Every structure is written in C-alpha cells, then in structure tokens.
Amino acid sequence: MAFLSNFKLQTSNFRYLTVTAGYWAFTITDGAIRMLVVLYFHQLGYSPFEVAMLFLFYEVFGIITNLVGGWLGARIGLNLTMHIGMALQVVALSMLTVPDPWLSVVYVMAAQALSGIAKDLNKMSAKATVKTLTGEGAGAESRLFKYVAVLTGSKNALKGAGFFAGAALLQAFGFRNALFILAGSLFLVMVITVILLPSGVGKMKEKAPFSQVFSNTPAINWLSAARFFLFGARDVWFVVALPVYLYSVLNWEYTAVGAFLALWVIGYGIVQAGAPALIRPNRHGQGPSGRTAFLGALVLALVPAGIAWALMQGPSLDWEPAPILIIGLIAFGIVFAINSAVHSYLILAYADADKVALNVGFYYMANAGGRLAGTVLSGLIFQLQGLEGCLWWSTGFVLAAALLSLWLPRTPRVVAADATAQPRLIDADGVVEATRLAELYAPFAGRIEGCAVREGDAVTAGQVLLRIVPSVGDGAELSIAAPWDGQVLRSHVRVEGREVPAQALLLELFDPDSVVLRFSVDGMQALGLAPGQSVQAQFAGAPSSPVELTITRAWPALEPDTGRRVLEARIPAQAGVAIGLPAQVRVEPPVAVQLPATLRRALPTGA
C-alpha cells in the first residue's frame, strides 16, 4: 500500500509539472502578443484609447469563457479544455499575420477575442487541476498554498519574459515573423502535453447542470468581487497608460519599454512564488485568511496613491518622473504579488473539490471583468486625465477590494463547516485483496510431475498439489502440499515435465475467508471510522445497487507518504468476488471529529 501511495504521489507530481510547463509556454505567448499589439498598433498611429479598445473583446470573451469554461471543464475534463485553449491561441496568433490593410479594428478585436478565450481556458484548467492533485486533509492546505503560489508566480514571471520576448521579436524580426515564431512554438508544446497528460482530470462524477456556473457560496462571491477590483486596480494604469507614457512622454525605445515591464512582471512573479515563505501560518497552523486579504489591500492602496502624489508634486520639487515610476512600480509589484497569491490560494481553499472547475471558473470570470474594466479605463482615463488620473482610480479600486474583503471568512475552514451542515459522505477507491496468502516455491532445480491443480481449485491442508523430481543426483522426488485449506490463486506451472530452477514460484494460494475490500481515506476523515461501521461498495462492472459491507479492521498508523489511513471491510467467501477487482466505497462517519491544531501539525503530510 505504501508503494502504491508513493507511486500515486509521484504521478501527481509529474502531472503537476507537465501542466505547469504547458501553462508556462502559453503564458509566454500571451505576454508577447500583448506587447506586440500595444507597440505595433501605437506605431501605426492608434490613440491610447483605440489601442485599449483592441483588447475589449479579449477581456469580454475572457469573462464569458470563465463563466462557461468551468462548467465545460467539469463535463469534458480539464486537460481537454487546456488543449482547446492552446489550439485557439495558435489560431489567434496566425490571424494577425495577414497584411496591414486587413488589420482593421474589428479584425484585430476578433483575433483578440480568440486569444482571450484561449488564455482563460488555459488558466482556469491549469489552476483547477492543481486542486485535484493536492488532495484534502493532512498537509493539504500547505501543499495547496505552495503549489498555487509556484504556479501563479512562475506564470507571472514568464509573462514578463513574454513582454520582453514580444518587444525583442518585434524589433529583431518584425511583427509577422514574431507571430509565426510564437505560434509554431506553442503548437509544438501542445502536441507534447496532449501525449503526456491523461484525459478526464477534473470531471465531475455527475454531469453539472449549467445553473451551477454561478457560485452559491458566499465566501466565493465576496472573494470574486474583491478580485474584480484588485485586478482592475492593476490594469487601469499598467496595460495601456504605462507603456504609452514610457514611450511617448519619457521617449523610451520599444526594447526598453518591453524590458522594463518584463523585469517588473518577472520580479512580481518571483515574489508571488515566494509568498508562502513570506506569509506564515497562523497560530492554528492554517494558511492565509480573509483578514490577510483585507490588510494586504489596505497596504496596497498606499502605493498608487503615493506614486500619483509624487508625480503631481515632482515639478515643484524637481523630481524626475522616471525614478518615481521605477521605485513605485517595485513597491506596487511586491505588495500586489502577495495580495494576488493570497486570493489565488483562498479560491481553491474555499472551492469544493468536486466542483473546483466551476468555482474557479466563476472566480476568474470576475478576474476577467476587472481586467476588462481596467483595460478600457486605462486608455480612456490616460487620454483624459493622464497617468496620475489612472493611479488615483487604481487607489479607489484597491480600497473597494479591501472593503469587500471584510466579508471573507477568517479561515477557509469556516466555509468547510458551512458546507458540512449536513452529514458529509466520504468517497474512496478500494480494491479486493486477500489477507492470507501463500507462495509455494521449488526447493531445488527439477522437473515438475503430477500437477493436480490449477487456478480456482479448492485445496485442503496437506493435499499434494504437485511433485518435483531433482534435475541432478539421485535425490528423491519431493511432494509440494497445501499448508492450509484454501484456493489456488495463480499457477505458474503450465507444462508437465518442464524443468524449473531452484526457488522458482510454482503456486499462489489464498484463503477465501480472508478476502476483504481494502481502501484508504484521508487521516482527518478517518477519525469517525472504526470496525463495525457500515460502508457501501459499488464494484466495477456490477450494474446492481451498491453492496453493504462492514469495516473489520482499521490500520493503527497513517501511511507515512500520504497521511491516509487504510481500512478493510470483509467480503463473504460465497460472494466469489475476484481478487484485484476495484470498487468505489462510500461511507458516512457516525461522528464528525475535528483535530486540534497541534495534533494536525503532528500528522504526516504528503511529500
């Protein structure tokens, strides 16, 4: 069982790395196309507001995709939605390679709409998949915060690399050749991930009705609203206003603008990936809470307000705008990264494991809505009020996020308590095993004679099963007998008279009265389970209703690698269930037990 648990853990880690690598590749193209469009179309004479409008459909269709994408991922699987997103991004990149006369506003907006659908399908799929790989219970909160922080932080660092790649490719190869390079690279990554990842990850056990795309969990609704204003606060000055200001007011080169924004996003991503080290668990051993989100937003609001004040006072104090922006951006990036990491953790902590794709999709719909508002306002306010006006709007958005965070639970476990007002069923995967087994080996090299049994035959204690005649010397033949009453599980003797080496495995026996259904549950959930508790077992391939069994044994220690407890339910010998048959187990604990925080920290956690 420990071997199987370790194998499952290694498989989960491999899938996490594969999903992350695919997400990285997509993110580079997403950052690159953003920088290519902003710089190239500004060069063609588009006003800041017109450039912002090019991204209108990108954000609008991102909202729609997040709303529908979670529902779609729950029905067809998260890996498939991730690859659909990659394919659409390849198409969107290719659409922009047409000659300049074709690049009308409507055409570019249509290409950006595809890119917006692609980006949010890919992001929703990758982040929701992480929830399915971390499990629940012992160590799950710390693993989840760490996995989400690394995935999101590395994504943002690579999006910064994409900004630089877009600007550099534009200057080195031109607009169209840059797009061809990005499309070809992403297509290659898509093919590799299709081969490596299995299908069906993230599917709900039952088909989700479309009505479930709207969250009915108050914590997720408040968090989604706060997310709307948090990302609106960033994009209202970062998406259009800042790069146009650096290029047109400070007279920076394309590569300088791209490199500066790239370094900012890379640093922002590094801080976000390191957020678990910066935010320590509370005194109960739990991760960030709603209070963390509220305090983080209050601190963040000071930064854009400070930058705006410094830019407005700069001429009278003889301050140069470039150092103000650089210092201010560094401070904003650090604080914003921590805020974003806390939000990204909280949505997965609040989400129900079976509806994670739906919950995450709804949350990122609000995220996309905030980006849309920020993007449109970025061009409009910059054109009317300048960069300082964009920064004051950013301050207002952050304060709105702080206010909404007041309604978030102090701990994700409050959400779990609300969700378990009704008795919670535990679902687990089990397999039929025999606990009493015997393996009969050849004591010496010899020839098999008189094999009287084969698979499925009943045997009695002392019954001669076969004889073995020595290959060399004059030794007497030896009879191999059954050690106890049982049944032949496997026979490795196929041909009479065949020579076998010493210590060759000849027969495997099992005791039909020792057959059990063995399954494991998270150590935190196992507290209410004990011998005598009834479970419902649905055996694979059995069309009949579930079979009721009784737990006969609970292993005294948790599995060291996974923090799970193994339980066994006896199967009557007359049932004739095959060894190795898988089954779905469902059990309702008679008592809900909550471990104290000190004991939770003492439990083994997954690697």
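Here is a chat about a predicted model and the terms used to describe its parts.

Visitor: What should I know about the model before we start?

Guide: It's a predicted model, where local features need pLDDT of at least 70, side-chain atom pairs count only at pLDDT 80 or more, and totals for chains, interfaces and linings use all residues. Residues are numbered from 1 along each chain as its sequence is written, and side-chain values use heavy atoms, with hydrogens and water left out.

Visitor: How many helices and strands are there, and what makes a run count as one?

Guide: The protein has 16 helices and 14 strands. Helices (H or I, at least four residues) and strands (E, at least two) are DSSP runs, numbered from the N terminus.

Visitor: Why is T97 called buried?

Guide: Buried means under 20% relative accessible area, exposed means over 50%, and partly exposed is in between (1.4 Å probe, protein chains only). T97 has 16% relative accessibility, so it counts as buried.

Visitor: What makes S94 and T97 a polar contact?

Guide: A polar contact is a pair of N or O atoms within 3.5 Å (within protein, one must be able to donate a hydrogen and the other to accept it, and residues adjacent in sequence count only if both atoms are side-chain atoms). The backbone oxygen of S94 lies 2.6 Å from a polar atom of the T97 side chain.

Visitor: How many salt bridges does the structure hold?

Guide: The structure holds 10 salt bridges. One of them joins R436 and D511, whose closest N and O atoms are 3.4 Å apart. R436 lies in the loop between β1 and β2, and D511 in the loop between β9 (505-510) and β10, 75 residues apart.

Visitor: Why is D511 buried while R436 is partly exposed?

Guide: D511 has a relative accessible area of 12%, so it's buried. R436 comes in at 36%, so it's partly exposed.

Visitor: What makes β4 and β7 a pair?

Guide: Two strands pair if DSSP finds at least two bridges between them. β4 and strand β7 (residues 486-491) have two bridges, in the antiparallel sense, so they qualify. V459 stands opposite G486 in β7.

Visitor: Why are β2 and β4 called edges of their sheet?

Guide: Four strands form an open antiparallel sheet in the order β2-β9-β7-β4. β2 (437-441) and β4 (458-459) each have a single partner strand, so one side of each is left without a neighbour in the sheet.

Visitor: What makes β10 mostly covered, and which strands pair with β10?

Guide: Eight of the eight residues in strand β10 (residues 515-522) are buried. Strand β1 (residues 426-434) pairs with β10 over five antiparallel bridges, with F519 as the bridge partner of G430. Seven bridges join β10 to β13, also running antiparallel, and V516 stands opposite R570 in β13.

Visitor: Why is P556 called exposed?

Guide: P556 has a relative accessible area of 82%, so it's exposed. P556 is found in the loop between β12 (547-554) and β13 (564-570).

Note on methods. A salt bridge is a side-chain nitrogen of Lys or Arg within 4 Å of a carboxyl oxygen of Asp or Glu.
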